[in-house]
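Hello,

Here is the structure I promised to pass on to you. Have a look at it first, and then read on for what I found in it.

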Amino acid sequence: MTMTNILNYPDYNVSQVHESEYDYQVYAELKYPPSFCIHCYTPDLVGFGKRTEILMDIPMHGKRVGIHLNRKRFKCQSCNKTFYELVSRKDKKRRMTKRLIEYIERESQKRTFLSIADDIGVDEKTIRNIFQDYCEREEEQLKLEMPKWLGIDEIHIIKKPRCVLTNIEHQTVIDMLDNRNKSTLLRYFTKREDRERIEFVAMDMWRPYKDTVETMIPNATIVIDKFHVVKMANESLDRARKAIRSQLTHNSAVDY
Ligand SMILES: [Zn+2]
């Protein structure tokens, strides 16, 4: 096994590997220096020192891995600015390799944060935050666009009415909210910047739905479900019938 192969990164040069009981310390630097200035894009660069950065990597042979990266600094002779070489394979946010982040995301679905933290050599909170980022990213991708025809309805799940948003044209569910309170609805629609796309909203007569749509999507036309209109018409017909019946009973009583 060559030194480079221990990381399996062809663009890294590995100079030393120290192995101890619990970990591997890998000393490396990037093979290819930048070919132009990151500020002005001219190629007149000279070396201008270096610093060591530690990148955590995926555990190897049951041991933690830390990469001691010798990161080079350059000075541009054209614009005089300096910069550190960009590190490929490093996560943008954390001192970890991208593949370690992916590893944590996968492992987090199978075992406890604490056991992962222990294997890698970081604290549990870091693992939790990485998993949180992962979930938010997934959620973002799952988010479905607001349709031209929005349906607002509810469904009873675990003994409570939950608001369900649908795309009427495609007959698909867009989202489900915890409840159907006005505050929940307002909070949801405030975050949905694509609500401007909505032109028609079909809903039942639940007041918070109407209030929310009138506040958040003022240009949309509200359509009260035909089903609900028919139901309401039947109810008023019933009321009228009862009123007439009671009047008849009253009149009959007088007659007797
Ligand atoms: Zn420059």
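Predicted model: local features only at pLDDT ≥ 70, side-chain atom pairs only at ≥ 80, totals over all residues.

**The helix-turn-helix span**

Helix α3 covers residues 124–142. Its 19 residues should span 27 Å at 1.5 Å a residue, and this agrees with the model because the end C-alpha atoms are 27 Å apart. Buried in α3 are I127, I130, F131, D133 and Y134. They sit on the same side of α3, because the arc they cover around the axis is only 155°. A reminder of the helix geometry behind this: with 3.6 residues a turn, residues three or four places apart in an α-helix point the same way. What do the buried residues of α3 pack against? Their partners are α1 (98–107) and α2 (113–120). On the face of α3 turned away from the buried side you will find the exposed residues K125, E139 and E140.

**The zinc site**

UniProt also lists residues 34–79, again in an unreviewed entry, as "domain: Transposase IS204/IS1001/IS1096/IS1165 zinc-finger". This span is 65% strand and 0% helix, with its end C-alpha atoms 16 Å apart.

Which protein atoms are the donors of the zinc ion? They are the SG atoms of C37, C40, C76 and C79, lying 2.3 Å from the ion. The angles among the 4 donor atoms run from 105 to 115°, and the site is tetrahedral. Along the sequence, the donor residues follow the spacing C-x2-C-x35-C-x2-C. The pair C37 and C76 links distant parts of the chain, being 39 residues apart. C37 belongs to the loop between β2 (23–30) and β3 (45–60), whereas C76 is in strand β4 (residues 63–76). C37 counts as buried because its relative accessibility is 0%, and C76 is likewise buried, with a relative accessible area of 0%.

**Loops on either side of β5**

Most residues other than glycine have a negative phi. N80 is not a glycine, yet its phi is positive, at about 70°. N80 lies in the loop between β4 and β5 (82–84), and it is exposed, with 53% relative accessible area.

R89 is also not a glycine and has a positive phi, of about 75°. You will find R89 in the loop between β5 and α1. Is R89 buried, exposed or partly exposed? At 27% relative accessibility, R89 counts as partly exposed.

S88 is also placed in the loop between β5 and α1. S88 counts as partly exposed, at 30% relative accessibility. Leaving out residues up to four places away in sequence, S88 touches D11, Y12 and L30. S88 and R73 are 15 residues apart along the chain, and their C-alpha atoms are separated by 15 Å.

T212 is found in helix α5, which covers residues 207–216, and it is buried, with a relative accessible area of 2%. Which residues is T212 in contact with, apart from its neighbours within four places in sequence? The contacts of T212 are K182, L185, L186, F189 and I217.

Best wishes

Key: Residues numbered from 1 in each chain as written. Heavy atoms only, no water. UniProt positions renumbered as here; feature names shortened; annotations may be inferred. Helix = DSSP H or I, 4+ residues; strand = E, 2+ residues; numbered from the N terminus. Expected span 1.5 Å × (residues − 1). Buried < 20%, exposed > 50% of the residue type's maximum accessible area, 1.4 Å probe, protein only. Arc of directions from axis to C-beta. Contact = heavy atoms within 4.5 Å. Donors = N, O, S within 2.8 Å, 3.2 Å for Na, K, Ca; no water. Tetrahedral: all angles 85-135°; square planar, octahedral: opposite > 155°, others 65-115°.
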